[in-house]
Amino acid sequence: KKMKKVIFALAVVLIAVFGVAFYGSTKAKESYDRGVARLTSETLKLGFFNIKANAVENDYDKGLFSSRAVLKLELTDGRDPVKFEAKTTLKHGFAELFSGFKAHSDVKALTPEAALSLKKFFGTDEFLSIDALIKFDKTRDVTLNLADIKTNEDDSSFVISKPFAKAQIKENKIKSLEFGFGKIGGDTDGVDKVDIENASMLIELNDFKSFDDLVPFINIQTPYENIAKIGLKAEKISFNSARGYDFPKSVDITGMSFLTQIKQNADANLLDTLTDVSLGALDVDGKKAFTQLNLSLNEKNVNKEAMAMYVTGPKESALYKILMSKNYVMEIKNFSFKNQNGKELKFNAVADASGLGAESKTLHDDVAIQTALKAVKFDGEIKVQAASITEFLSAYKGLMADSDFNQMMDGIKPFEERVNSLFAKDGEYMSAKFKHDVGSDDLLVNDKISLKEFIMSLMAN
């Protein structure tokens, strides 16, 4: 009896295993077929020309835990078609039933002319591999990995290693796109050299959008209603010049990142933004300019129309980004960096323009702008980790020609005592707190010093 129970239990397990495997295999095949159908059913419109994909051969070898497929496509823009082959392996075992099916494809050109061109550009006709995670809600996390790109011209040569693009796709609609590379390096004209490592750019939308929906983004007409995140990062950026008259001759940046998040406000016409910037270090001609630069900036109640104006014409409409936004508030939560001696400068501020509102958008001339600024409440503080301004700036000797540095310091020294008087001692820091109240035409420092009178006294002397 015990043996019968064991055999029965094993039979149940085997049936379950094969049942689950068959289910996964079937679903993987359905997902693959949907992908091919969408790929060949739509035309990619790129403005000046359109691209259509046609399947000329599609073989699928279905297995229990993994399957293989070979798809041959012709891409055409109405002229001579170019043929490609994609060999795909799909995994649909037990683990994939929880995380989603995994697919890996290797793509190569079959048309001789295209294969020859790709070999010159990439060094191989197998120029592309694609990895996809196909989830059960029909979303796909897709990564495109290109072969290394090499260019050689008469006066320049570049190598782009490990270029990639990542996208989250659902039913031919896209939600996020990230593209970048492992390294780009070379010289532009035989004299100047550029090296950038592990760099990428990210754009994430609030929801899935079709390619046609994204076309207006090129003209930056109404993007901010749809964009949720914009990011840029690079592990290392280096510029070097062999020109004898160039200054600086080398610039090295490490640990750079930028991320802006845009969120819909409770008011349908307003947005909130959160921006974070960081920079590990900046070296100029082998000497450290600063380290650990950080900036965290928030904007509240930003008018959508003003945001679009700011992007299309920032010089003309930067002020209107504030003036058109009712109850606009900007908060610099943290701006800080350290000089090459490890001494820190910190700044934070809040500018509250709630007293302006959308009716102020017609302000154009200087008098009106000055009047408008009276309606802005401002509070801020700057802290310098030094006993004096010249002590903090002395760390930058060597970053510029000695004559220029000495001229700068000589220009500051006559006013150093007065400038230092703006600061109060706060431990090892010098601290100056700024405050502007609504209706005032002056800014107070540490609640007692008039900045207007302070500047007038400096100008008088």
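The largest nonpolar core of this predicted model contains 34 residues, among which I196, L282, F290 and F423 touch the most other members; a nonpolar core is here a set of buried Ala, Val, Leu, Ile, Met, Phe, Trp, Tyr and Cys residues joined through side-chain atoms within 4.5 Å, and buried means under 20% relative accessible area (1.4 Å probe, protein chains only). A second, separate core comprises 13 residues, including Y32, L73, L90 and A103. In soluble globular proteins, nonpolar side chains tend to be buried together. The model is a predicted one, in which local features need pLDDT of at least 70 and side-chain atom pairs count only at pLDDT 80 or more, while totals for chains, interfaces and linings use all residues. Residues are numbered from 1 along each chain as its sequence is written, and side-chain values use heavy atoms, with hydrogens and water left out.

Across the whole structure, 7 aromatic pairs are found, a pair being two rings of Phe, Tyr or Trp (its six-membered ring) whose centres lie within 6.5 Å, with planes under 30 degrees apart counted as stacked, over 60 as edge-to-face and the rest as tilted. One of them joins F290 and F337 in a tilted arrangement, with 5.7 Å from centre to centre and 55° between the planes. Because F290 belongs to strand β16 (residues 287-303) and F337 to strand β17 (residues 328-338), this pair ties together parts that are 47 residues apart in sequence; strands are DSSP runs (E, at least two residues), numbered from the N terminus.

Technical notes
Buried < 20%, exposed > 50% of the residue type's maximum accessible area, 1.4 Å probe, protein only. Helix = DSSP H or I, 4+ residues; strand = E, 2+ residues; numbered from the N terminus.
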